[in-house]
Amino acid sequence: MTDFRTCPLIIFDFDGTLADTASAIKHTAAAVLQRHGLPEERMKDIPQLIGPPFPEAFTLVFGYSPEDAQKITDDYRKIYGSLGPEAWPAFPGISELLQNLVAGGRTLAIASSKRTAFVEHSVRDAGIDGFFTYLEGKPSDAPQTKAETIAKVLAAAGTEDALMIGDRHYDIEAAHEVGIPGIGALWGKTAPREELERAGAEAIADTVSDLREILGA
């Protein structure tokens, strides 16, 4: 069993785990979906878009056809891509956590369902890019599962002695699919504890401070 306090490779999700992006994602999606005629009573489901990759998320959550989901995604990115660093700040305490982990000899990575180029841009904006040795996202809108993204990190690092930290069940389930443990993150408030427990998270951190304790940082 992986020892969380000595595990050499730690992989993070981005949205809702490293960066506080929920508000920007939800407001942008609401504006675009309203334009595309989503009924008002369905707007309550917008938070479910945080986690799964676009454009598939619009099909998964709202039942749009793949063609319509791509059009919605294109419109979404026009707005979201025009936002500034205030839309994806690192959560308080994250920078210090990452600094401690690197100082302790740990290797850090990101595995995100966002497009790779945008993750790279956002991580730089958040001022935490220097901590990560590996960063994997989606190279295009072609289907790519979170497990496949994590597997790319493991292949690049040349090890399977790793763990995944994320805020949604997708992260935990993908980690298990590639044979590594998953730690749930609750500070972004993107999913209830029960979701992460049902996914089988080996540990759940309520706060960044809790994660520091779990990781021995």
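The exercises below concern a predicted model, and they treat its backbone and its pockets.

**Exercise 1.** Determine which two residues are joined by a cis peptide bond, and state where the proline lies.

*Solution.* Step 1: most peptide bonds are trans. Step 2: the bond between Phe 54 and Pro 55 is cis, with omega about 0°. Step 3: Pro 55 is found in the loop between helix 1 (22-35) and helix 2 (56-62).

**Exercise 2.** Describe the backbone of Lys 189, and decide whether this residue is buried or exposed.

*Solution.* Step 1: most residues other than glycine have a negative phi. Step 2: Lys 189 is not a glycine, yet its phi is positive, about 55°. Step 3: Lys 189 sits in the loop that lies between strand 5 (182-185) and helix 8 (193-198). Step 4: exposed means over 50% relative accessible area. Lys 189 has 72% relative accessibility and therefore counts as exposed.

**Exercise 3.** Characterise the largest pocket by its volume and its lining.

*Solution.* Step 1: the space in the largest pocket is about 380 Å³. Step 2: its lining has 21 residues, and Phe 54, Tyr 76, Arg 77, Lys 114 and Arg 115 lie nearest the centre. Step 3: strand 2 contributes the most to this lining, namely 4 residues. Step 4: the lining comprises 9 nonpolar, 4 polar and 8 charged residues.

**Exercise 4.** Identify the element that gives the most to the lining of the second largest pocket.

*Solution.* Step 1: the second largest pocket holds about 190 Å³ of space. Step 2: helix 6 (146-157) and helix 7 (169-177) each give two or more residues to its lining. Step 3: helix 7 gives the most, with 4 residues.

Terms used
Residues numbered from 1 in each chain as written. Predicted model: local features only at pLDDT ≥ 70, side-chain atom pairs only at ≥ 80, totals over all residues. Heavy atoms only, no water. Buried < 20%, exposed > 50% of the residue type's maximum accessible area, 1.4 Å probe, protein only. 1 Å grid on protein atoms, 1.4 Å probe; cavity = no way out; pocket = protein on both sides within 12 Å on 5 of 7 lines; lining within 4 Å. Points joined across faces, edges and corners; volume = space filled by probe spheres on them. Nonpolar A, V, L, I, M, F, W, Y, C, P; charged D, E, K, R; others polar.
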